[in-house]
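Open the model in your viewer and keep a selection panel at hand.

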Amino acid sequence: MNNPETPAGTPGVSAPQRYDAVIIGAGIGGLYQLYRLRGAGLKVIAIDAGSSVGGTWYWNRYPGARVDSPSHVYQYWFSEALNDAWDWSERFPAQPETERYLNFVADRFELRKDIRFSTRVLSCDFDETCQRWQIQTDTGSRLDAKYLISCAGTLSTPLKNLFEGEDNFAGEVYHTARWPRQPVDFTGKRVGVVGTGATGIQVIQTIAPQVQSLTVFQRTAPYTIPMRNRVYSNAQRADFKARFQDIKTAVRNSFVGFDFDFRYGSYHDASPQARREVLETLWDDGSLALWAGSYGEIFNDQAVNDEVSAFVREKMSERIKDPALIQQLVPTGYGFGTRRVPLDTGYLETFLRPNVQIVDIKAAPIERIVAQGVQTADGQVHELDVLILATGFDASTGALTQIDIRGRDRQLLRDEWSRDLRTTLGMMVHKFPNLFLTAAPLSPGAALCNAPTCLQHQVEWITDCILFLEKNHRVTVEPTQEQQDRWVAHHDEMAATSLLAKTRSWYTGANVDGKPKRLLAYAGGVNVYREHCDAVAAQGYADFRIL
Ligand code: NAP
């Protein structure tokens with residue numbers, strides 16, 4: 001593998017390197033895809049813009065970055081020996097530990113030798129004459145592959161240039177997803193943070209004690225649950241290891257890929273006292289179980305959602321007490337869990353500090369960035385030395401639409417998806433043969449899943465599909481138009497029942513101007529999605545056009 005490029009007929013022009021499969025990305029999905037396809041005997045290479053592995057956990061090294069899925073479910077399941085060899089230190093590990101885990105996996109399975117780092121894929125063209133993908137990178141190399149697999153991540157393309165005049169700012173500007181490797185010193189600095197999603201919350205609660213002053217620019221107040229993190233004891237670690245197979249089965253068969261699920265029955269069947277007990281228990285658990293492991297009706301029954309939202313608002317208000325702050329920090333106008341629920345560690349209490357102030361940018365939006373700081377629509381200039389943008393991502397599609405991906409008839413994926421977000425099973429697209437996607441629109445992994453659970457499932461499905469083609473000496477696989485229409489219709493049917501689809505958030509693409517509005521994630525559940533995918537494979541991919 002990694003043969004030097006061989007010279008072609010034209011002097012100075014080298015022929016593309018030939019692979020069976022090219023994988024874009026060396027994060028959780030890309031590492032596993034490389035492991036599986038290489039293990040099956042294919043010649044594979046992964047390409048990553050970072051200088052090492054990790055994907056999300058390589059780029060998102062902002063202060064306070066921490067996973068909010070418990071570590072015993074935020075991991076790989078393909079090797080019990082790997083599981084036995086790794087010890088998680090705590091329930092919700094900080095970014096460096098998750099990054100270390102992915103490096104450990106890369107080393108243990110000798111994956112690095114088949115990864116090209118610090119390289120960005122610029123274009124991928126499906127050559128109809130040879131039925132293969134032609135890939136061009138920013139280092140000038142060209143690759144030729146039968147299969148092209150995107151493991152480029154769902155939250156990997158930060159939103160840029162949201163505010164006029166960013167270049168005029170005299171201080172330092174950082175986007176949380178492009179955080180420098182060297183720590184930033186906030187001592188004695190006036191710092192501003194734009195954004196109060198899961199990322200903004202972690203930054204704000206972490207840096208508040210380090211800065212001279214912190215100005216938080218908030219457009220929408222988030223519902224937030226206090227994270228109950230704890231160091232794992234040896235006994236707890238041993239217990240997780242002993243239950244490896246059970247936990248693996250549980251995460252694959254749950255609604256959002258965790259080891260909890262809706263196990264309390266219907267909200268309507270429970271007495272008010274029983275409901276309250278369940279909500280209190282899950283609030284105290286300090287995890288996402290209150291959201292996706294309590295009552296399924298939270299997602300599709302407005303009356304139930306209203307009651308649970310009132311419960312969370314009550315709990316949040318108890319934390320801050322101050323009526324003026326409650327008005328600013330406790331959300332209204334949308335329901336609990338209809339946007340991604342963050343977990344926090346003292347976030348609400350941070351606003352009781354004398355050096356922290358909140359600016360309501362719904363009332364007076366940010367107009368522009370000026371040399372001294374942030375100017376809002378009320379004419380005020382909020383003077384700053386450091387500006388942190390925790391403003392989110394062009395989720396699920398951004399990583400792919402920034403590459404020129406051309407399928408049959410020179411169709412550009414970016415153009416297709418600028419009109420409408422359509423995929424088949426969230427893993428393939430009509431007119432793009434042998435292009436496989438992970439965490440793409442219309443699959444749970446786009447937004448509504450514990451990422452490793454869905455990535456591993458999709459990698460396994462993709463591997464099986466590729467091996468089916470290889471075994472049967474086939475050249476291409478592509479979903480038909482009718483098949484894609486059916487999946488889109490089924491996806492929309494599931495979305496129509498979901499309150500998520502009725503709420504403005506990155507889940508619906510509402511955070512990106514001009515992005516077609518459709519619920520990004522399949523809302524039928526990880527378990528149901530898996531059954532659909534399994535059925536397609538069991539029928540020999542019969543609905544696909546296979547040549
Ligand atoms: P996000 O949820 O999209 O939040 C972006 C924030 O920036 C929001 O408060 C948004 O306000 C604000 N914003 C965006 N554009 C703005 C503008 N033009 N003017 C003013 N405010 C603007 O992004 P995120 O916090 O980076 O989180 C993204 C996802 O990453 C999360 O939902 C989660 O899935 C994942 N994540 C996970 C972890 C973890 O596992 N621990 C940690 C962090 C993130 P509006 O709400 O009004 O749009």
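Select helix H7, residues 244–252, and then the elements that its buried residues pack against: helix H3 (80–85), helix H6 (234–242), helix H15 (451–471) and helix H17 (526–538). Helices here are DSSP runs of H or I with at least four residues, strands are runs of E with at least two, and both are numbered from the N terminus. The buried residues of H7 are Phe244, Ile247, Lys248 and Val251. Seen down the helix axis they fall within an arc of 100°, so they line one face of H7. The arc is taken from the directions from the helix axis to the C-beta atoms. Buried means under 20% relative accessible area, exposed means over 50%, and partly exposed is in between, with a 1.4 Å probe and protein chains only. Contact means heavy atoms within 4.5 Å.

This is a predicted model, in which local features need pLDDT of at least 70 and side-chain atom pairs count only at pLDDT 80 or more, while totals for chains, interfaces and linings use all residues. Residues are numbered from 1 along each chain as its sequence is written, and side-chain values use heavy atoms, with hydrogens and water left out.

Next, select His72, in the loop between helix H2 (56–59) and H3. His72 counts as buried, at 10% relative accessibility. Not counting residues up to four places away in sequence, His72 touches Trp77, Trp88, Tyr232, Phe240, Ile247 and Asp259. Ile247 is also one of the buried residues of H7. The side chains of His72 and Tyr232 are joined by a polar contact of 3.2 Å. A polar contact is a pair of N or O atoms within 3.5 Å; within protein, one must be able to donate a hydrogen and the other to accept it, and residues adjacent in sequence count only if both atoms are side-chain atoms. For a distance check, pick Pro272: it is 200 residues from His72 in sequence and 33 Å from it in space, C-alpha to C-alpha.

Now show the ligand. Which residues are closest to it? Of the 24 residues that surround the ligand, the closest are Arg66, Asp68, Thr199, Thr220 and Arg339; a residue belongs here if one of its heavy atoms lies within 4 Å of the ligand.

- A polar backbone atom of Arg66 is 2.2 Å from a nitrogen atom of the ligand.
- An N or O atom in the side chain of Arg339 is 2.3 Å from an oxygen atom of the ligand.
- A polar side-chain atom of Thr199 is 2.7 Å from an oxygen atom of the ligand.

On its own the ligand has 910 Å² of accessible area, and the protein covers 86% of that. These areas come from the Shrake-Rupley method with a 1.4 Å probe; for residues, only the protein chains shown count as cover. Colour the shell by class to see eleven nonpolar, eight polar and five charged residues. Ala, Val, Leu, Ile, Met, Phe, Trp, Tyr, Cys and Pro count as nonpolar, Asp, Glu, Lys and Arg as charged, and the others, Gly among them, as polar.

Eight of its ten residues are buried, so H5 is largely enclosed by the rest of the structure. Thr199 is among those buried residues, including also Gly200 and Ile207. They pack against strand S8 (190–194), strand S9 (213–218), strand S11 (343–344), helix H12 (347–350) and strand S16 (386–389).Move to Gln458 in helix H15, which is buried at 1% relative accessibility. A polar atom of the Gln458 side chain lies 2.8 Å from the backbone nitrogen of Ala439. Leaving aside neighbours within four places in sequence, the contacts of Gln458 include Leu425, Met427 and Tyr529.

From there, pick Leu425, in the loop between helix H14 (413–419) and strand S18 (435–437). Leu425 is buried at 5% relative accessibility and has a positive phi of about 55° although it is not a glycine. Lys431, found in the loop between H14 and S18, also has a positive phi, near 85°. Most residues other than glycine have a negative phi.
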